[in-house]
Amino acid sequence: MHPEDTAARYDRIAQWWQTQHQDSLYGVAQLKRAIKYTPKNHLAIDIGCGSSGRFFKVLSEHGFQAEGLDISAEMINLAKKLHPNVTFYREDISAWKPPKSYSLIVAWDSTFHLPLDRQEQVVKKLCDALEGDGVLMFTCGGGYKHSEVSGTFQGENFEYSTLGVNAFLKILNEHNCTCLHLEYDQYPENHVYIIAQKHD
Ligand SMILES: C[S@@+](CC[C@H](N)C(=O)[O-])C[C@H]1O[C@@H](n2cnc3c(N)ncnc32)[C@H](O)[C@@H]1O
């Protein structure tokens with residue numbers, strides 16, 4: 001599925017998403033784990049931030065200046081109302097050119113919507129956008145091989161892809177990042193989150 005088609009589907013459920021997730025703790029413990037590994041707290045960006053902005057609260061409590069990026073204009077519009085001090089980018093992550101270096105980059109349940117052939121370039125881009133010792137946390141589908149699946153959520157059809165865990169670890173390694181934590185955090189669901197840190 002083209003990212004703009006994914007955006008149109010998220011536009012339609014953006015209000016529902018905000019109501020559901022504004023006060024939810026989904027992914028927050030994992031974010032706090034990533035923050036523990038992050039030695040500097042300058043700038044952080046939430047890739048595919050959605051409309052709730054629950055991660056922004058945690059980031060600012062830990063002293064980060066937070067930014068958000070999302071391809072859905074409606075997700076961004078709603079998030080802006082709750083978080084007027086956050087800088088937002090309405091962009092497709094696969095086309096975005098990072099303007100800055102980040103201490104922490106989080107992509108929670110967003111890059112798994114990319115077409116399979118864009119996965120590698122996006123993970124590479126996120127590694128390259130980290131400052132020295134910066135930390136990347138992202139979720140992906142688990143398993144050992146690449147795959148694409150589709151499913152219905154809130155009446156909308158979505159597509160997901162993964163390169164498989166070994167391929168993601170290889171890309172991180174090739175782009176000066178070391179995996180610090182990898183967990184099937186919703187087992188037996190095939191949902192994995194990875195925390196990696198940039199080295200020299
Ligand atoms: C499952 S929601 C997760 C939202 C948020 N991370 C959260 O946990 O509340 C996926 C988000 O990723 C965004 N997204 C999907 N594909 C994207 C792309 N190519 N570039 C930027 N954002 C994207 C969607 O618009 C949506 O807001």
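Where is Pro188 found? Let me start there, and say at once that what we are looking at is a predicted model. Pro188 is found in the loop that runs between strand β8, residues 177-183, and strand β9, residues 191-198. As background, most peptide bonds are trans, and most residues other than glycine have a negative phi.

Asp109 has a phi near 55°, a positive value in a residue other than glycine. Asp109 lies in the loop between β4, residues 102-107, and α5, residues 116-128, and because its relative accessible area is 17%, under the 20% cut-off, Asp109 counts as buried. Asp133 also is not a glycine and has a positive phi, in this case of about 70°, but Asp133 is found in a strand, β5, which covers residues 130-141. With a relative accessible area of 38%, Asp133 is partly exposed.

Helix α3 itself spans residues 54-61, and its buried residues are Arg54, Phe55, Phe56, Val58 and Leu59. Arg54 leads us on to the ligand, because a residue with a heavy atom within 4 Å is taken as near, and Arg54 is among the closest of the 20 residues that surround the ligand, together with Gly48, Asp70, Asp92 and Trp108.

What does the shell around the ligand consist of, by class? There are 10 nonpolar residues, 5 polar ones and 5 charged ones. If we ask instead which elements they come from, α1, residues 3-21, and β2, residues 65-70, each supply at least two residues of the shell, and the largest share, 4 residues, comes from α1.

Let me now go through some polar atoms around the ligand one at a time. On the side-chain side, a polar atom of Trp17 lies 2.9 Å from an oxygen atom of the ligand. On the backbone side, a polar atom of Ile71 is 3.2 Å from a nitrogen atom of the ligand, and a polar backbone atom of Trp108 is 2.9 Å from a ligand nitrogen atom. Taken alone, the ligand exposes 600 Å², and the protein buries 97% of that area. The space that the ligand takes up is, moreover, the largest cavity.

Trp108 and Tyr26 are 82 residues apart in sequence, and from C-alpha to C-alpha they are 9.8 Å apart in space. Tyr26 lies in that loop between α1 and α2, and Ser24 is found there too, with α2 covering residues 28-36. A polar atom of the Ser24 side chain lies 3.1 Å from the backbone nitrogen of Tyr26.

Key. Residues are numbered from 1 along each chain as its sequence is written. This is a predicted model: local features need pLDDT of at least 70, side-chain atom pairs count only at pLDDT 80 or more; totals for chains, interfaces and linings use all residues. Side-chain values use heavy atoms; hydrogens and water are left out. A polar contact is a pair of N or O atoms within 3.5 Å; within protein, one must be able to donate a hydrogen and the other to accept it, and residues adjacent in sequence count only if both atoms are side-chain atoms. Accessible areas come from the Shrake-Rupley method with a 1.4 Å probe; for residues, only the protein chains shown count as cover. On a 1 Å grid over the protein atoms alone, a cavity is a set of points where a 1.4 Å probe fits but cannot get out, and a pocket is an open set with protein on both sides within 12 Å along at least five of seven lines; lining residues have an atom within 4 Å of a point. A molecule sits in a cavity or pocket if more than half of its atoms lie within 2 Å of its grid points. Ala, Val, Leu, Ile, Met, Phe, Trp, Tyr, Cys and Pro count as nonpolar, Asp, Glu, Lys and Arg as charged, and the others, Gly among them, as polar. Buried means under 20% relative accessible area, exposed over 50%, partly exposed in between (1.4 Å probe, protein chains only).
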